[in-house]
Structure formats: structure tokens, C-alpha cells
Amino acid sequence: MKYLLLVLVFAMLAFANNDGCTEVVPGSSLQGSDDITLVLINDWVLAEKALGLDIFDGVYILGADNNLDIIQAYDAATCAPLGFLPLDPANGSCFGLAWNNDATNDTYYADDWANSNLFFTDDFGSTWSTYPNPAGSSARGMDFDGTDYWTTNGNGGGLWRFQPGVGEQNIAIPEVPTQPSGVTVYPYGSNVGVAVTSYDTHNIFFYEWDGATLAFIGSAPCPVPGIGSSYGLAYSEDNGNIYWSYRDAAYAYHIAEFSFDLVSLEQTSWGAIKSSF
């Protein structure tokens with residue numbers, strides 16, 4: 001009976017946070033790979049939460065706050081809050097977000113961990129439409145590599161690689177032992193690098209996608225102590241760093257910026273990656 005009450009308490013806390021975490025496990029870190037180094041550059045405390053994360057045109061960090069029903073934009077250099085985009089009222093449990101990497105004809109996508117819709121808007125939130133979400137109501141973080149969208153499967157584990165309304169593929173990531181949350185993609189030689197974080201295993205997990213197979217590169221502990229839950233990731237091509245959102249043990253929300261060094265990483269550009277598909 002005491003165990004059941006404990007589970008209910010944690011479930012109520014997850015609902016109150018509205019962050020989609022359904023596991024009841026203590027947070028921990030794994031031993032990192034020797035050839036991966038993460039170096040903290042900035043760590044900002046927020047007035048609101050920032051789930052998912054994406055980078056718009058190298059200038060703005062985008063984060064979802066499903067308590068305020070907005071996608072908030074932050075200055076990528078200072079994390080000062082700027083404007084925001086209103087979410088669809090039906091998108092009340094938004095977690096992941098992504099834009100189509102086209103600043104002229106921008107489209108924004110948002111998922112929802114309480115329903116099976118993938119919401120999208122091309123008029124900055126004035127109107128929203130939907131596609132079926134390949135991850136159903138299990139989607140969490142999301143990103144776009146110039147060809148495909150990626151989202152974590154927050155219940156069954158794994159990743160979904162998809163093109164909205166066209167097709168999808170589920171890919172296992174057994175190296176992530178607990179519920180995945182954020183995901184971002186980055187250039188890795190002529191291939192696509194994929195980084196994943198988890199609510200309760202406080203490591204960043206790195207992969208390489210060669211167009212057919214996802215290969216595990218290794219992981220490194222998140223670059224700050226005292227994490228409550230780990231949320232979103234976003235890669236900036238402008239500075240080559242990753243932005244990461246999390247909640248600390250005192251329930252304050254943060255966005256941190258860190259550099260990452262993978263020994264075998266070959267720096268390139270999205271232009272080279274796009275031309276390879």
C-alpha cells in the first residue's frame with residue numbers, strides 16, 4: 001500500500017510539472033566514454049520552463065512552456081527572453097518542437113505527450129493544423145536534419161525518424177536505460193549525428209546516422225550536478241555548441257550551453273549533409 005501511494009505521489013508530481021515524465025526512478029549518471037568531452041559554457045536560470053528546444057537561424061533558442069501554452073524565444077547569446085509563439089489550445093502537453101530550417105517560409109512543428117497529434121503552423125501560430133504523430137502520444141523532443149524529422153519515443157524508448165504525413169521509421173536506442181526526453185541532430189562528417197538525453201539518466205548519448213543505420217558513439221555525464229530532470233537539446237551550427245534544458249533539484253528551470261568534443265568528429269556543414277541524401 002505504501003508503495004502504491006508513493007507511485008501515486010510521483011505520478012501527481014509529474015502531472016503537475018506537465019513534463020511527460022512517467023518513470024519513478026532516482027536520477028543518476030553513467031560512466032562516460034573516454035573520447036567524449038562536454039565543457040559547460042553558460043548556465044542560465046529561467047522564469048519559465050523550456051522543454052524540447054530548437055535553434056532558429058542561429059540567433060534564437062526556442063523552448064516550449066506548456067503551462068503558458070507558448071513556444072518562447074530566447075537570445076542565443078544571453079538567454080534573455082524575447083517574443084513567443086502561441087500554441088494550439090489542443091496542444092496542452094507540448095514537449096518537442098522543431099522548425100523547418102527555412103527562415104523565409106518557416107513552418108513550426110510541436111508534439112504533445114498527451115495526444116497523438118503533430119501540430120504545425122506556417123503563420124506563426126495564428127492557425128494550426130495536424131498530422132498523425134508517428135510516435136503517438138509517446139513523442140518528446142524533436143529536431144530536423146534538413147531531410148527528416150527526429151523525435152524520441154518517451155514511453156517505449158527509441159527514436160522515430162519521419163517526414164510528416166509521408167513515412168516513418170522506429171529505431172532502437174538500447175544504450176539509453178531510462179525514459180528518453182530531448183534529441184538534437186548535428187553534422188558528423190558526411191553523416192548526421194544524433195544526441196539524446198533522458199529524464200533520469202543524466203548523460204548525453206551520441207549516435208551517428210549514415211542514412212541506413214544508427215550507430216552508438218558513446219555518452220558523457222551532463223555537465224552540471226544537482227539535476228532533477230533533463231529535458232531538451234538543440235545544436236547551433238553558428239557556434240558548434242549544444243543547448244540543453246533541465247530542471248534542478250530545487251525545481252528551478254535552466255538552459256545551459258556546452259561545447260562537445262568527440263574524438264572522431266569531423267566538422268562539416270549541413271550543406272554537405274543535405275547533398276549526401
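## Aromatic pairs, a loop residue and a sheet

Begin by selecting Phe124, which is partly exposed, with a relative accessible area of 45%; here buried means under 20% relative accessible area, exposed over 50%, and partly exposed in between, with a 1.4 Å probe and protein chains only. The model is a predicted one, in which local features need pLDDT of at least 70 and side-chain atom pairs count only at pLDDT 80 or more, while totals for chains, interfaces and linings use all residues. Residues are numbered from 1 along each chain as its sequence is written, and side-chain values use heavy atoms, with hydrogens and water left out.

Rings of Phe, Tyr and Trp (its six-membered ring) pair if their centres lie within 6.5 Å, and planes under 30 degrees apart count as stacked, over 60 as edge-to-face and the rest as tilted. By this rule the count comes to 22 aromatic pairs. The ring centres of Tyr108 and Phe124 are 5.8 Å apart and their planes stand at 80°, so this pair is edge-to-face. Because Tyr108 lies in strand β7 (residues 108–112) and Phe124 in the loop between β8 (117–121) and β9 (129–132), the pair ties together parts that are 16 residues apart in sequence; strands (E, at least two residues) are DSSP runs, numbered from the N terminus.

Next, select Tyr186 and Tyr235, whose aromatic pair is tilted, with 6.2 Å centre to centre and 50° between the planes. Tyr186 belongs to strand β14 (residues 180–188) and Tyr235 to strand β18 (residues 227–235), so that the pair links distant parts of the chain, 49 residues apart. Both Tyr186 and Tyr235 are buried.

From Tyr235, move to Asn241, which is found in the loop between β18 and β19 (242–248) and is buried, with a relative accessible area of 10%. The Asn241 side chain makes a polar contact (a pair of N or O atoms within 3.5 Å; within protein, one must be able to donate a hydrogen and the other to accept it, and residues adjacent in sequence count only if both atoms are side-chain atoms) with the side chain of Glu257, at 2.8 Å.

Finally, select strands β10, β11, β12 and β13, which form an open antiparallel sheet in that order; two strands pair if DSSP finds at least two bridges between them. Within this sheet, 5 bridges join β12 (residues 159–163) to β13, and Trp160 stands opposite Asn170 in β13.

Note on methods:
Helices (H or I, at least four residues) and strands (E, at least two) are DSSP runs, numbered from the N terminus.
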